[in-house]
Amino acid sequence: MTVLTTKNLNEKLEPYIAIIGPLAMIFLIMGFMGVVEPARYFRLSNLNIILMEAALYLPMAMAMTFVITQRGIDLSIGSVAALTAIIMAFLIKVYAFPAWVGVLCALTIGSLFGLLNGLIITKFKVPDLIGTLAMDLVYRGFALVLAKGLVLARFPDLITDIGRGRLPNFLPIPVLIGIATFVLGYFLLKRTFFGRYSIAIGSNPEAAEMTGISVDRYKVYAYMLMGAMAGLAGVMLTGKLNAVQATSAPYFNLHVIAAVVVGGTSLFGGRAAMLGSFAGVLLLSMMINALVTLRIEFFWQSVASGVVIILSVAFYTWLQKKDRDGAKGIKAVFASPDNLKLFKLVGVISAVLIVLLAIGNLTSGTPAVSG
Amino acid sequence: MVNEKPIISMKKINKRFGGVKALESVNLEAYSGEVLAIVGDNGAGKSTLIKVLTGVYQPTDGTIEMDGKDLVMNSHSDAIEKGIDAVYQTLALADHLDAASNMFLGAELSKKFAGISYLDNEKMRSEAERVLKERLGVVLKNMDAPAESLSGGQRQAIAIARAVYHSDLRVLVMDEPTAALGPQETARTLKLIDTLKAQGLAIILISHSLDDVFEVSDRIHVMRRGKCAGVVKTNETDKQEVLGLIVGANKQAA
């Protein structure tokens, strides 16, 4: 009889760590803002802003959870969202399509772009990172070509309802759409072949192949779902602003990836955390809203997203390291000759920079007026 | 020998890859309720031989018979259909999935509700629990635990359970099942082999460990340079003789 006996606290916590992490950070932010800016942060109107901001990213985070679980990545979603929104805008404004047809077109075109991404990755064997990054340029380029710098505005009610409508005495419609996509995502992950195979493919691609799973096909499905959800985000964004232009949605990629990764889905594949992604989106929205509430410049947003990605990946990697040895402490780091060399390198570069700045400062004249 | 007639008999199997003769006129017979060990040096043709047996490779010439009838296999799935399956050293488990999901990977059970079919996780789980217990005598304390947290022996059991469940399994090939295991886990795996043997399966065990081979096998088939260097009964031989056959120190006809 083989019986699993060892089960320490770490193992017991492991299934929940994905949800505990972001929740802890959400409470941290709430606590911090509760002390610093309680009046403005916890206003009902501000909570509404947070939810509306989160809603836009929820569908994409759901789909990205599958893509990343399969060890993939999609860096083209911002451009897919912008291009599908522009195409939809043209269909509605120029060709006078009914709004509902326009919305369905956006979803279909989005999934078509996703399908294209998937085929480029699986059939042409272009690595996902490069493939989707290049396609990001392509989609963005087409959006610029189509819109020619125009801002298309004033859409039918259906579009604005999707983007910023609200059921009376209830949640805003985009929030409901976001939650609905996550219910769908949870079902897909737990109860469908697609979800099961996504985990298997990310966990052990060779094993998945050996057991007869069509790895390429399920990868294409994930990118298609991603494209469709990016298209949906494009519609929601258009409705929210009641306007769209070719340069819309610039930070979607990293924002969504940050949300998924901070939620505990592993970039190394196999570990999917659907609820974690939900919490991750909420967390990022709260964080960005906190930056705004504290009157910190908008441009710090992208700094914050990047730092969150690095910290959460580093944290989860550290968590998974089984032979963690904390006993030696910081001294051990400098005992290794390799680390010592890296440390010296940091020193040399810093020194060179300081010397250069000093030279520049000593030899500087009066600044010329630019322009 | 439990049965008079072999389940599987491979006759004069040749396999060439271009000019390289990987197998030369190899005969092999496997009987129900018997453990046949295949031993040999690296490159002796063990892997090629079992790949022919499991339908992964097609022999250049020679025939394979099952129950005395000709058997033609064009792919590994043909072999599985006929009740021949293999468990490889690299166990083909998805580390992040639990035992039941792994056992049913690629062949999940599903049910339908309102025209939508979805995975029947409950049924898969109870079936997995049943097969592990009844056929392999293995009880997992936590069926929800991902495979990565299970021991080598438990992972082995899941891989075998997959083979046992999905076909009317008659011949099980095990490629280096104990290679990555500690002494305790090795003992468990050997016990598992005994359990399966008692159920009437023909087990073909490929191993580098003569200790393991002498502990569980009934006959030993020695491969050397693509040829069969000899087939000996385990209880009529010793390690010295088998080693001699492996390195070609003494000549003995098959």
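Which residue is the bridge partner of B:Met174 in strand 10 of chain B? View 2 has the answer.

This is a predicted model, where local features need pLDDT of at least 70 and side-chain atom pairs count only at pLDDT 80 or more, while totals for chains, interfaces and linings use all residues. Residues are numbered from 1 along each chain as its sequence is written, chains are lettered from A and ligands numbered from 1 in the order in which they are written, and side-chain values use heavy atoms, leaving out hydrogens and water.

**View 1. The open sheet of chain B.** Six strands line up in the order 6-9-10-3-11-12, with mixed pairing (strands are DSSP runs of E, at least two residues, numbered from the N terminus; a pair needs at least two DSSP bridges). Strand 6 (84-87) and strand 12 (227-233) sit at the edges, each pairing on one side only.

**View 2. Strands 9 and 10 of chain B.** Strand 9 (residues 171-175) runs parallel to strand 10 (residues 202-206), joined by five bridges. Here's our partner: B:Met174 bridges to B:Leu205.

**View 3. Strand 3 of chain B and its neighbours.** Strand 3 pairs in the parallel sense with strand 10 over five bridges, and B:Glu34 stands opposite B:Ala202 there. On strand 11, also parallel with five bridges to strand 3, B:Arg219 stands opposite B:Leu36.

**View 4. Both faces of strand 3 in chain B.** Side chains in a regular strand alternate between the two sheet faces. B:Glu34, B:Leu36, B:Ile38 and B:Gly40 on one side, and B:Val35, B:Ala37 and B:Val39 on the other, are all buried (under 20% relative accessible area, 1.4 Å probe, protein chains only).

Note on methods: Helices (H or I, at least four residues) and strands (E, at least two) are DSSP runs, numbered from the N terminus. Buried means under 20% relative accessible area, exposed over 50%, partly exposed in between (1.4 Å probe, protein chains only).
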